[in-house]
Amino acid sequence: MNAIDRIYSNEVGISFFWKKENNTMLPKIQVVFKDTGFLLTVNELKDFSEACRIAKETQCCGQCSMHKTCRSLLLRTPSDKIDIAVSKEELEQIHELITGTIFKLELKHWIMSSSLN
């Protein structure tokens, strides 16, 4: 784990910078969950967060007794060719991972820009 700078983590995954790329002006953020990794920009993270919000509005089968754990929702990813089947519980955790990452990144940016003034 010495090769990464962790940004945020929860039960479903982790977000981090690769240390070797953290020195670039606009480093990409690695987000890993469900055995899948995404290397994303902040804008792509925001788009992904919006995709989570839209997926949350999708209705599951009303009669299903397993509606929270059934992987009946398709979550659009930043890759226009890949969607992921998730349950409502997984979707909540993924969305929390992404929004927590965005919050930490924006907070860090705000603190750094405030200290320069």
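Among contacts in the protein between residues at least 6 apart in sequence, what percentage join residues at least 24 apart? After that, please turn to the open sheet: in what order do its strands come?

Mentor: This is a predicted model, in which local features need pLDDT of at least 70 and side-chain atom pairs count only at pLDDT 80 or more, while totals for chains, interfaces and linings use all residues. Residues are numbered from 1 along each chain as its sequence is written, and side-chain values use heavy atoms, with hydrogens and water left out.

The percentage is 39%, for contacts between residues at least 6 apart that join residues at least 24 apart. Contact here means heavy atoms within 4.5 Å. The protein has 2 helices and 6 strands, arranged along the sequence as β-β-β-β-α-β-β-α. Helices (H or I, at least four residues) and strands (E, at least two) are DSSP runs, numbered from the N terminus.

Now the sheet. Its 4 strands come in the order S1-S2-S3-S4, and the pairing is antiparallel. S1 (4-9) and S4 (36-40) are the edge strands, each pairing on one side only. From one strand to the next, the twist averages 25°. Strands count as paired if DSSP finds at least two bridges between them. Angles run from 0 to 180 degrees between N-to-C directions, along axes fitted to C-alpha atoms, for helices over the stretch in contact.

S1 and S2 make a hairpin with 3 residues between them. The two strands are joined by 5 bridges, S2 being residues 13-18. Ser9 stands opposite Ile14 of S2, and Ile4 has Trp18 as its bridge partner.

Trp18, in strand S2, also lets us look across the sheet. Its C-alpha is 7.8 Å from that of Ile29, although 11 residues separate them in sequence. Beyond four places in sequence, Trp18 touches Ala3, Ile4, Gln30 and Leu39. Trp18 counts as partly exposed because its relative accessibility is 30%. Under 20% is buried, over 50% is exposed, and partly exposed lies in between (1.4 Å probe, protein chains only).

Helix H2 (residues 88-116) lies across S1, S2 and S3, at about 120° to S1.

Leu97 belongs to H2 and is buried, because its relative accessibility is 0%. The C-alpha atoms of Leu97 and Val31 are 8.5 Å apart, with the two residues 66 apart along the chain.

Trp110 is also in H2. With 55% relative accessible area, Trp110 is therefore exposed. Together with Phe103, Leu107 and Ile111, Trp110 makes a nonpolar surface patch of about 440 Å². Patches take residues with over 30% relative accessible area and no salt bridge, joining like charges within 9 Å and nonpolar side chains (Val, Leu, Ile, Met, Phe, Trp, Tyr) within 5 Å. A salt bridge puts a side-chain nitrogen of Lys or Arg within 4 Å of a carboxyl oxygen of Asp or Glu. Areas come from the Shrake-Rupley method with a 1.4 Å probe, and for residues only the protein chains shown count as cover.

For the protein as a whole, 33% of the 117 residues are buried.
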